[in-house]
Amino acid sequence: MPKTSARLLSLLSLLQARRDWPGALLAERLDISPRTVRRDVDRLRELGYPIVAFKGPDGGYRLDAGTELPPLLFDDEQAVALAVALQIATASGAGIGEAAVRALATVRQVMPARLRHRIDTLQVTAVERPASRSVPQLDSGVLLTLGATVHACEVLRFDYTSATATATAPAAAAPPRRVEPHHLVTWGGRWYLVAWDLDREDWRTFRADRITPRVPTGPRFVPRELPGGDVAAFVAARFRGADGSGDWPCRGEVILARPAGDVARYTQDGVVEALGPQRCRVTLGSWSWVGLAATLGRFDADMEVVGPAELQDAFAQLARRYADAASGRDDTTPAD
């Protein structure tokens with residue numbers, strides 16, 4: 001017979017799997033006597049689980065709703081937050097959609113009626129942003145492995161699939177990467193591992209869905225200090241193409257003939273200063289000067305470039321491209 005603690009967990013798992021359980025069937029599944037089932041049910045009740053007995057030819061037990069959610073005793077706001085998080089987990093990219101659905105059903109079953117009603121009226125559909133190519137789902141086992149190495153501060157060895165490798169043209173075999181894993185982050189529906197690359201002696205950001213961990217892990221290490229000290233700012237800077245300063249590599253300033261309130265909604269981390277009812281000063285960054293000029297052009301307004309000169313040159317370059325496009329001339333070939 002399994003130990004009492006393990007048997008209680010097995011009994012609780014069965015009770016959560018379906019609405020009603022005949023006592024004889026529970027005894028058969030757990031390979032114990034009906035009397036032991038009754039004693040174990042009493043133990044679970046003492047732990048706060050609202051298990052009720054029902055009568056009939058196949059009398060048995062049911063895990064019912066209670067006044068609280070044992071054993072964690074969530075308050076109302078926490079229970080609602082948990083239910084919402086489970087509903088949008090399908091868009092997390094972590095490959096846990098099916099498990100999240102089952103977890104939500106388990107939590108809902110033991111919710112008090114007032115909370116169950118609130119959750120049933122709050123149905124959320126997570127819609128992923130359209131992408132030019134499919135975003136692979138991350139295997140939950142890989143996610144757990146990466147999280148464990150970050151927590152344990154153990155050197156991680158893994159094979160890494162390059163962005164250019166395909167099923168028909170796989171990348172050439174490469175030695176495994178060796179890194180000190182520091183942070184596991186999610187960005188734009190994808191998961192990334194922020195780590196110190198031991199061979200390249202520099203910080204790197206790896207796509208988690210391209211990682212195939214190798215076992216065993218390496219020795220423990222003393223965590224290094226991440227540049228800037230903030231992982232969110234570090235990752236954002238890397239995706240901006242920044243050189244380590246944490247800012248966009250290109251940042252310029254213009255005066256737009258648009259109300260500041262209209263512009264501010266679309267500038268994200270830009271700075272918008274009102275200069276009047278129909279004028280504002282905008283400071284914005286981008287990965288290139290031409291990209292910044294094109295972004296500012298989306299506001300469809302007259303503008304004055306405050307600086308720097310590189311932004312003025314980028315507008316001139318765009319003007320030539322747009323003029324060529326309007327005339328139908330291909331500027332990739334010499335003009336007649």
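Start your tour by selecting Gln312: at 46% relative accessibility, this residue counts as partly exposed, a label for values between buried (under 20% relative accessible area) and exposed (over 50%), found with a 1.4 Å probe on protein chains only. Gln312 sits in helix H11, residues 309–327. Helices (H or I, at least four residues) and strands (E, at least two) are DSSP runs, numbered from the N terminus.

Before you move on, keep in mind that this is a predicted model, in which local features need pLDDT of at least 70 and side-chain atom pairs count only at pLDDT 80 or more, while totals for chains, interfaces and linings use all residues. Residues are numbered from 1 along each chain as its sequence is written, and side-chain values use heavy atoms, leaving out hydrogens and water.

**Stop 1**

Gly252 and Gln312 are 60 residues apart in sequence, yet 9.5 Å apart in space, C-alpha to C-alpha.

Next, select strand E9 (residues 250–256) and strand E11 (residues 279–286): the two run antiparallel and are joined by seven bridges. Two strands count as paired if DSSP finds at least two bridges between them. Look for Cys250, which stands opposite Ser286 in E11.

Then show strand E10 (residues 271–276), which is antiparallel to E11 and joined to E11 by five bridges. Here Val271 has Thr283 of E11 as its bridge partner. Which link joins E10 to E11? A hairpin does, through two residues.

**Stop 2: a three-stranded sheet**

Select E1, E2 and E3. They form an open sheet in the order E1-E3-E2, with antiparallel pairing. Strand E1 (20–22) and strand E2 (51–54) are at the edges with a single partner strand each, so one side of each has no neighbour in the sheet. On average, neighbouring strands here are turned by 30 degrees against each other, direction ignored. For such angles, axes are lines fitted to C-alpha atoms (for helices over the stretch in contact), and the values run from 0 to 180 degrees between N-to-C directions.

Zoom in on E2 and strand E3 (residues 60–63), an antiparallel pair joined by four bridges. Phe54 has Gly60 in E3 as its bridge partner.

**Stop 3: helices across the sheet**

Helix H3 (residues 34–46) lies across E2 and E3, at about 145 degrees to E2.

Which residues of H2 are buried? They are Gly23, Leu26, Ala27 and Leu30. These residues are on the same side of H2 because they cover an arc of only 100 degrees around the axis, taken from the directions from the helix axis to the C-beta atoms. The buried residues of H2 pack against helix H1 (4–17), E1, H3 and E3, where contact means heavy atoms within 4.5 Å. Turn the view around: the face away from the buried side carries the exposed residues Ala24, Glu28 and Arg29.

**Stop 4: two crossing helices**

Finish with helix H4 (residues 76–87) and helix H6 (residues 113–120), whose axes come within 10 Å and cross at roughly 35 degrees. Select Asp76, Ala79, Val80 and Ala83 of H4 together with Arg114, Leu115, Arg118 and Ile119 of H6 to see the contact.
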